[in-house]
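This briefing goes through the two chains one topic at a time. Please keep the sequence and the model open while reading.

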Amino acid sequence: MSDTTNAAAGKPGKKGGMNIIQLLLEGRAFFALIAIIITFSLLSPNYASVSNFLIMSNHVAIFGLLAMGMLLVILNGGIDLSVGSVLGLSGVFAGFLMQGVEIQSAGIILYPPVWAVVVLTVALGAVVGMCNGVLVAYFKVPAFVATLGSLYVARGVALLMTDGLTFNNLSGDPGLGNTGFEWLGFNRIAGVPVGVIVLAVAAVITGLVLSRTAFGRWLYSSGGNARAAELSGVPVKHVQVAVYSLSGVFAAIAGLVLSSQLTSAGPQAGFTYELTTIAAVVVGGASLMGGRGTVTGTLLGAFVIGFLSDGLVIIGVSSYWQTVFTGAVIVLAVMLNSIQYGGVGKK
Amino acid sequence: MRTPETDESPQAEPDTAEVVLAARNVSKSFGAVHALKGVNFDVHRGQVTTLFGENGAGKSTLMKILSGVQLPSDGELILDGAPVEIASTVAARDLGIAIIHQELSLAPNMTVRDNIFLGREIMGPTGVNYAEEERQARALMRELEEDIDPLTLIEDLRLGQQQIVEIARALSVNSRILIMDEPTSALSASEVEVLFKVIRDLKARGVSIVYISHHLEEALTITDHAVVLRDGVMTAYAPRAEIDLEWIVRNMVGENFDIGSPPSGHKLGETALELKGLTVPAATGTGNAVDGLDLSVKVGEVVCIYGLMGAGRTEMMECVAGRLPATGGEVLLHGQDVSHLSIAQRIAAGLVLVPEDRQRDGLVQTMTVGRNLSLASIGKFTRGLFTNRRDEKAIIEDSIREVTVKTDGPDAAIGSLSGGNQQKVVIGKMLVTHPSVVVLDEPSRGIDVGAKAEVFRILAEHAKNGMAVVYSTSEVDECLSIAHRIIVMRRGRIAAEFTHDTTKEAIMAASGESLVA
């Protein structure tokens, strides 16, 4: 092939097998995770134990769930800044339902069972996400701005609902038939925390959707080149609304898991989580230009960030240093992304 | 025809202008790929030298070497008799070599003045000396005899005027050699004339021009010397007076090339596609891009739409495909009104568009060759919830075979294909949906003659099997290839209709274009 006019490719003769640098670049999140585990295991005897890994994974579950939704949005070439706020709002909304809904005209207080609380909360997340999606797809509001708006609105509504206070009693009352909320955060199935299992199920479903369904193909193509996808018959606008809705759903699930873990729901929960989540997706190798990224990579990204910050806590490094380290990891990851996709992601 | 081996190549040439820049034995390799093999090339002072060649012949590489983007692997460049090394574009600028790329490098949100002095602003005691910049910009425009106010925003200028601004910027740094890559590809006929007048003025001032164009006829009207490249080797050199169109094509492709004739031996059937009074508003907001257009195409028929840039061809086709909304009229597919259907529904009904700009509208660069090919047929290999790998593979292999894509396999990156093969992927993607009507907007744009012939052969074959084919083109030659009928569009309407036995001159005259001989 002697085509030199093909400037879009811009990487002449790059085909010659997988060399070591390419391998390291491809699997960088994986190698980073291994390096983190080895380093902290050497620094602290408590790090490398099954129980610690499960505890840390339970922390990762929150970011992992948010990151699944964020991955879908980023694959579409968008961004969702509202996930942290939606997480907070969902927790507060669930707490609000657990306290009982007073219907004044009838003079009764309804105590919905836990399953109904979960369904309603997830529906709330979907609605907020759908608003984002409609704003982006049909009203042409840039994703950054639309979701920045809902970041504020969702947080504000959460504060209004609680007057800035925290719902502390989420255990329910056996007499009212609404117990069991803490199951999500505290129970274990075969020793594995339920939160981790929720993440695993979410990851498997997301992975199947991305690799094996028409929707997955629509998402990758509309993120890679929306115009070409549209002309090939892909319903790009529906896809766009769907990814933001799903991101809202994942944020609501994460909100339920988190408030269950804490057995309380505060309006400040999930503050700045959107940034950590974006970081996890990017560390996992997804391109912010859209069209590139995998579930495996994103999970690894979430674990890298989670295990790193928990490890720093365990060896007793100041939380200020954690912030510095996390920042450095993010920049390093984006830098490596640019090297990997250099010249190809040009639109 | 002459094949020069040494730097005395233009010896017996009638005009004895001296050579300002010469490439001697220049080679360039990318890994195992040899883009240029020992090329000798002269740029004559105050004259236009045109580089002809198919895609991948090495034109772009040679240009990049001359303008300092890349260094040659071997050989040398001689400027005014002395060997030079052009290590960067800044070095090239300092030597007086400027390049105007096909995609203009102007900042659309800034004024003409700011663009001309971008990166080398004239500084005064209190910051940028805007008054002086404006004065110089005005002087440049006067020299070019162009009525462009230096304080206009670039985005408010027509494309042709933007090109003039690029030229002005090159002149403002005293460029002596101007490399122009496909400068007319997006210009209207009248803008091309303005550009050619400017080029003649530049020649008169002693500026040497290296010109690159796929539009052979047009290039012939302006050039003084022709250089033809094929597969990285310079195959022919001659002054303008000794050559004609046929000579160029022969040297470009190495043989007499036929881009097909209308498929025959089959009966044209019922009307497949019919447009009734189709009206599409112009993107600029005033007037109509397509203005009450009527057209009908029969089963098995090939129709060519010819017209200048801005004649409304693209708008008409995008409206037929469902990308642009019509403000009036109907689109009928086999007698059924499809005007209200979405793009996906029209594809399912058998009406597909192959868009003009394959990078922007045709390919998903982040996906593999295979996934690009199967993109329009996702529904066909989805069983229940999940996609079926075996069915998808069958579809992909089917289309790779059908349009003969040269690729390492379905998993190759789309960017690894040459322009012609990328175009075949875009066409194959739509053909594999088994359409009954295919509309192609400039299917031959930016691909070489060989690939072009193949594309037309594929289309002719499908027409024979009962598909209705409508394609547009800006090259008259291609009107007279496989089309049964040629429709000339002008300002959103049909200006004329011809059969295959017409002449190029008649077609061009109807389009409002004049043949500058």
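What percentage of the 347 residues of chain A count as buried? The share is 50%, where buried means that 20 or more other C-beta atoms, placed from the backbone, lie within 10 Å of the residue's own, exposed means 12 or fewer, and partly exposed means in between. The model is predicted: local features need pLDDT of at least 70 and side-chain atom pairs count only at pLDDT 80 or more, while totals for chains, interfaces and linings use all residues. Residues are numbered from 1 along each chain as its sequence is written, and chains are lettered from A and ligands numbered from 1 in the order in which they are written.

**Chain A overall**

- Chain A holds 14 helices and four strands; helices (H or I, at least four residues) and strands (E, at least two) are DSSP runs, numbered from the N terminus.
- The radius of gyration of chain A is 21 Å, which agrees with the value near 20 Å that a compact globule of 347 residues would have. This radius is taken over C-alpha atoms, and the globule rule is 2.2 Å times the number of residues to the power 0.38.
- Along the principal axes, the C-alpha atoms of chain A fill a box of roughly 80 × 55 × 35 Å.
- Of the contacts in chain A between residues at least 6 apart in sequence, 77% join residues at least 24 apart; a contact means that the C-beta atoms, placed from the backbone, lie within 7 Å.

**Helices α3 and α8 of chain A**

- Helix α3 (residues 50–75) of chain A packs against helix α8 (residues 194–212) of chain A at an angle of about 35°, with the axes 8 Å apart. Axes are lines fitted to C-alpha atoms, for helices over the stretch in contact, and angles run from 0 to 180 degrees between N-to-C directions.
- The crossing of α3(A) and α8(A) is left-handed, that is, the near helix is turned anticlockwise from the far one by less than a right angle.
- On the α3(A) side the contact is made by A:L54, A:S57, A:N58, A:A61, A:G64, A:L65 and A:M68. On the α8(A) side it is made by A:G195, A:V196, A:V198, A:L199, A:A202, A:A203 and A:T206.
- The residues of this contact divide into nine nonpolar, five polar and no charged. Ala, Val, Leu, Ile, Met, Phe, Trp, Tyr, Cys and Pro count as nonpolar, Asp, Glu, Lys and Arg as charged, and the others, Gly among them, as polar.

**Helix α12 of chain A**

- Ten of the eleven residues of helix α12 (residues 273–283) of chain A are buried, so the helix is mostly covered.
- The buried residues of α12(A) include A:Y273, A:E274, A:T276 and A:T277.
- Elements covering them include α2 (28–43), α3, α4 (83–98), α13 (295–314) and α14 (319–340) of chain A.
- A:G285, with a positive phi near 95°, follows α12(A).

**Chain B overall**

- Chain B has 17 helices and 24 strands, and 48% of its 517 residues are buried.
- A compact globule of 517 residues would have a radius of gyration near 24 Å, and the 25 Å of chain B agrees.
- The C-alpha atoms of chain B fill a box of roughly 65 × 50 × 50 Å along the principal axes.
- Chain B is divided into domain 1 (1–6 + 15–96 + 178–255), domain 2 (107–175), domain 3 (271–350 + 435–517) and domain 4 (364–434); the bounds come from an automatic or database domain assignment.
- Between domain 2 and domain 3 of chain B, the C-alpha centres lie 39 Å apart.

**Local features of chain B**

- Helix α9 (residues 313–321) of chain B is largely enclosed by the rest of the structure, because nine of its nine residues are buried. Among them are B:R313, B:E315 and B:E318.
- B:G322, with a positive phi near 100°, follows α9(B).
- B:L77 lies in strand β4 (residues 74–79) of chain B and is buried, with 22 other C-beta atoms within 10 Å.
- Beyond its neighbours within four places in sequence, B:L77 is in contact with B:L21, B:A23, B:P83, B:V84 and B:I86.
- Most residues other than glycine have a negative phi.
- B:H434 is not a glycine, yet its phi is positive, about 55°. B:H434 lies in the loop between α14 (419–431) and β21 (437–440) of chain B and counts as exposed, with 12 C-beta neighbours inside 10 Å.
- B:R491 also has a positive phi, near 50°. B:R491 sits in the loop between β23 (485–490) and β24 (493–499) of chain B and is partly exposed, with 16 other C-beta atoms within 10 Å.

Key:
Two residues are in contact if their C-beta atoms, placed from the backbone, lie within 7 Å.
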